[in-house]
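Let's walk through this one together, going from helix packing to a sheet and then out to the whole chain. Keep the viewer open as you read.

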Amino acid sequence: MGTTILYIGFLSCFISAVMYFFASRGNTKIIGPARLMFHVSVIMTISSAAYLLYLIITHQFQYTYVWNYSSKDLPINLLASTFYAGQEGSFHLWAFMMAILGIFLMGYLKSRDSDKSLSHSTESDKGPYEPLVMFTFALIQSFLLFIMIIKSPYMYVWESFPKDVTIGFVPEDGRGLNPLLQNFWMTIHPPILFAGFSSLAIPFCFAIAALVKNSYNRWLKLVLPWTLFSGMVLGVGIMLGGFWAYGVLGWGGYWGWDPVENSSFVPWIVIVAAIHSMIAEEKTGKFKKTSLLLAITAFILVLYSTFLTRSGVLGDASVHSFVDPGQEVYLFLIVFLSLFGAGGIGLILFRWKSLGSAKTEPADILSRESAVFVGAITLCATALVIFVGTSWPIFSKATVDPAFYNKMNLPLAILIAAINGTSILLAWKHTEEKRFFKSLYVPLILTGIVTTTLVILGIHDVLIAIFAAAALFALFINANIAIKIFSKNNLKAGPYVAHLGIMILFLGIIGSSKYSEEVNLSLPLNETKSALDYDLTYKGATPFGENQDKYHFNVVVEKDGKGFLLQPVMFYSEYSQGIMKNPDIANLGVKDVYLSPMSLESPKSFSDNDVVAFKKGEEKEVKGLKVKFVDFDRSKFSQESMSEGKDNTIGAEFEITYDGKTEKVIAEQLMTNGNTENVPVTLKATDKYTFMLTHIAIAGESTADLAIIDESAPSVQNPETLVLTASIKPFINLVWGGTIIMALGFFFSLYGRAKRFKQSQAKESRSIAKNGNENGNGNGNGNGHNHHKNGHKKVHEEAHKQ
Amino acid sequence: MNAKTITGILIIVIFLVVGFFSFSESNIEYTNFQNASSNHKTCQVKGSWVKDKEAKFDANTNEFIFYMKDENNTEMKVVLAGARPNNFEMAESVVAKGKMKDGNFYAKEVLTKCPSKYEGKGEDIQKSGI
């Protein structure tokens with residue numbers, strides 16, 4: 001049934017795309033059926049998602065996907081998140097998000113295209129946008145649905161494993177969900193990330209529509225809210241991933257320059273650059289090509305990143321497990337990528353001449369648009385650095401050291417902060433020089449004071465100090481304007497709030513990465529060790545969890561008599577067949593104390609001094625005992641179970657004389673699963689000594705090492721030791737806070753735009769009612785534009801006044 | 001060409017040159033122990049753990065020491081700054097990142113490649129029968 005739904009969804013989507021195509025060529029009658037077909041495909045996509053979720057929740061393990069990623073013991077919220085635990089499901093999540101966005105996009109286009117108040121002022125912009133935008137959108141969605149058909153989540157286990165199981169076979173339980181994914185952050189990170197990924201298709205579709213129409217007035221106004229939406233959602237999605245890496249994965253950081261992270265970060269940087277270019281274009285009419293190129297590139301990068309992370313090409317370069325999806329998907333991803341890539345770039349090249357023909361006067365260097373443009377280019381440079389570094393393993397037998405990204409991006413980040421601060425003091429089109437330089441005084445003085453303080457307090461790296469200064473400079477300027485606007489209860493503060501957030505994030509990055517201190521520690525049980533100004537004591541482990549099979553490792557962290565308990569976690573996971581480790585973090589406001597467990601070294605009840613080596617037949621006197629190694633004892637040993645990898649025991653026979661009496665002692669080694677366990681034995685006569693066979697060599701000269709432990713001697717025992725990495729992350733809260741503030745800034749911009757649009761619409765319709773069909777607005781951009789510009793001017797005057 | 005274009009091109013050229021140098025410095029190649037011994041650059045070596053030699057964690061130095069065989073079967077003592085890597089015992093291959101010094105390979109990082117558990121295999125499905 002699922003497969004049928006997918007086929008109908010794919011076909012209706014494809015038909016919708018074809019119909020929209022003809023609608024765009026002038027056949028307006030076909031637009032109704034095109035909408036209908038798109039709706040059918042949306043309903044099918046949502047139904048398929050619901051059906052897959054139903055299969056997961058009802059444990060239909062005859063489906064390979066359900067068997068592969070879920071199991072009966074998972075609670076309902078984690079069951080739901082197994083939906084996107086594998087490739088098939090994450091493509092489905094993507095298609096699902098596209099379907100939801102598609103409904104909103106269609107409604108948006110319908111209302112904007114039929115909007116009289118807008119269309120009368122944009123008569124020059126040949127015809128409606130819906131057909132072309134929806135054509136491209138439906139085409140992309142068709143590709144996604146097609147991928148789901150060739151890599152279907154509805155495969156039965158007997159189709160996936162025809163050699164192993166017969167038709168109709170139903171596994172009793174599933175394989176379960178990777179324990180690393182079993183937490184709250186992993187239930188919300190992928191949906192938000194994929195919503196961001198999906199939304200990046202929309203600026204692409206608008207750019208294609210504008211290029212095909214060869215008309216560039218209206219697309220910008222239409223696309224900007226969607227571009228802002230993409231920037232916000234993708235940004236939040238990426239940072240949630242960072243939060244997961246920090247809090248669950250125990251990377252010790254939120255960012256590791258891993259290919260998977262990079263490949264969603266690069267499109268984000270490009271779409272942020274696009275936002276800037278678009279806003280500059282909106283104000284001044286310049287940077288047309290840049291806006292189009294960036295909108296198209298961002299989506300191509302989404303496809304490229306899908307290819308990088310889904311095709312298995314990075315297999316050796318990342319700690320992530322990349323699954324080879326099979327030849328068909330690999331080839332299809334290449335077709336997907338090259339088709340849309342060539343289409344987008346080709347269209348721009350095709351229109352290059354006509355795009356350039358509308359000559360605009362060159363921008364004044366001291367103008368906001370110049371600054372914004374240079375800023376956008378700098379953003380693209382960072383994107384390029386990360387892009388090249390991430391793609392490198394494809395072209396050579398090498399990977400790039402993560403230090404490369406830090407080294408290259410630091411100067412670029414300095415530029416970005418400095419340009420941002422400056423640009424905000426500049427006016428659009430033309431800035432009065434005197435005013436501009438005057439407005440620099442206060443922020444520069446403030447920056448000087450705070451930076452000097454920071455240098456005295458401990459920033460001794462020149463570049464880092466400059467970075468901090470640039471971020472502070474921009475922070476003061478943005479904060480000043482944001483506060484002024486807010487005091488008037490105006491939603492225009494969006495951009496300033498977003499930049500404020502970024503600058504706070506930059507400061508947080510400086511603190512938490514450059515000034516993070518880290519040390520590897522071995523903590524023997526109940527023994528206090530000092531590190532990083534704290535006293536740490538390992539107090540033993542306590543089991544927890546449903547089956548009591550996970551362990552909290554209790555570490556008391558103390559400083560100046562005040563202490564707190566941190567409980568990093570380790571447990572054996574049947575699923576991964578390995579030890580899972582989760583860090584524990586104390587958030588102390590200005591810094592985090594971060595404990596990442598590494599291993600627990602088991603107690604060794606003897607020291608190296610207790611071990612004595614014997615040759616066969618040799619007799620030695622040790623600790624008042626006479627000990628003779630007689631021979632190996634193979635009575636419990638079997639070659640068969642050895643070769644089958646089963647448990648096996650080998651012993652060594654000793655004659656030990658204590659207090660004049662000689663006893664035969666057999667010390668044994670138990671071998672299980674490649675681990676060797678030494679079985680302790682004692683004499684019949686006394687418990688004073690314990691013997692353990694620690695090493696044997698059977699081939700060649702037969703030797704046996706015996707640990708002889710005198711229990712009455714002062715203990716030199718090694719207690720169990722917890723090995724962990726302890727680190728201090730100063731100002732990490734600025735990273736999270738900055739990100740949240742940035743997202744809020746995006747939201748204010750989006751909300752403010754929507755509100756202004758409604759106001760201008762209301763105004764227009766009133767003025768139309770008054771003036772009839774008189775051409776009310778000559779500049780072709782609607783009333784909202786002027787309103788907006790004035791708003792900025794006002795802010796500027798205020799900024800200059802102070 | 002006006003001054004703006006020239007400045008722009010100049011900046012791009014500087015950026016590319018700096019990028020190139022920093023890149024060639026950060027380029028960590030896959031190689032074997034023999035090549036790693038001759039040049040003392042940071043590199044990564046793929047190979048497998050020699051199971052019959054000792055593999056132990058030294059709590060005093062916080063180092064994990066094991067022996068590794070590269071793809072040419074050259075054996076080398078690897079000193080990892082840190083604890084026993086994840087899934088070390090069951091890894092089918094390991095990748096050590098670091099450099100040679102005094103006849104030992106000092107690793108900053110050791111990645112373990114495990115038999116993919118991400119997707120089930122035929123033998124797994126047989127086990128989950130009723």
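Before the first helix pair, a word on how the geometry is set up: axes are lines fitted to C-alpha atoms, for helices over the stretch in contact, and angles run from 0 to 180 degrees between N-to-C directions. Bear in mind, too, that what you're looking at is a predicted model.

As for handedness, α10(A) passes α13(A) in a left-handed crossing. On the α10(A) side, the contact is built from A201(A), P203(A), F204(A), F206(A), A207(A), A210(A) and L211(A), while α13(A) brings L292(A), A295(A), I296(A), A298(A) and F299(A). Sort those residues by class and you get 12 nonpolar, no polar and no charged ones.

Now try another pair: helix α7 (residues 130–150) and helix α14 (residues 327–350), both in chain A. Here the axes are 10 Å apart and the angle is about 170°. The cut-off for roughly antiparallel is anything over 145 degrees, which means α7(A) is roughly antiparallel to α14(A). Where they meet, α7(A) supplies F143(A), I147(A) and I150(A), and α14(A) supplies E328(A), V329(A), F332(A) and F336(A). This contact splits into 6 nonpolar residues, no polar ones and 1 charged.

On to a sheet. Chain A has an open one of 4 strands, in the order β11-β19-β18-β17, with antiparallel pairing. Which strands stand at the edges? They are β11 (611–615) and β17 (681–682) of chain A; each has a single partner strand, so one side of each is left without a neighbour in the sheet. Zoom in on the β17(A) end: this strand pairs with β18(A), residues 689–697, in the antiparallel sense over 2 bridges. There, V681(A) sits opposite F691(A) of β18(A).

Finally, zoom out. Chain A contains 23 helices and 20 strands in total. It has 802 residues, and 47% of them count as buried. Take the contacts in chain A between residues at least 6 apart in sequence, and 70% of them join residues at least 24 apart.

Note on methods
Residues numbered from 1 in each chain as written. Chains lettered and ligands numbered in written order. Predicted model: local features only at pLDDT ≥ 70, side-chain atom pairs only at ≥ 80, totals over all residues. Left-handed = near helix turned anticlockwise from the far one by under 90°. Contact = placed C-beta atoms within 7 Å. Nonpolar A, V, L, I, M, F, W, Y, C, P; charged D, E, K, R; others polar. Pairing = 2+ DSSP bridges. Buried ≥ 20, exposed ≤ 12 C-beta atoms within 10 Å, placed from the backbone. Parallel < 35°, antiparallel > 145°, perpendicular 65-115°, else oblique.
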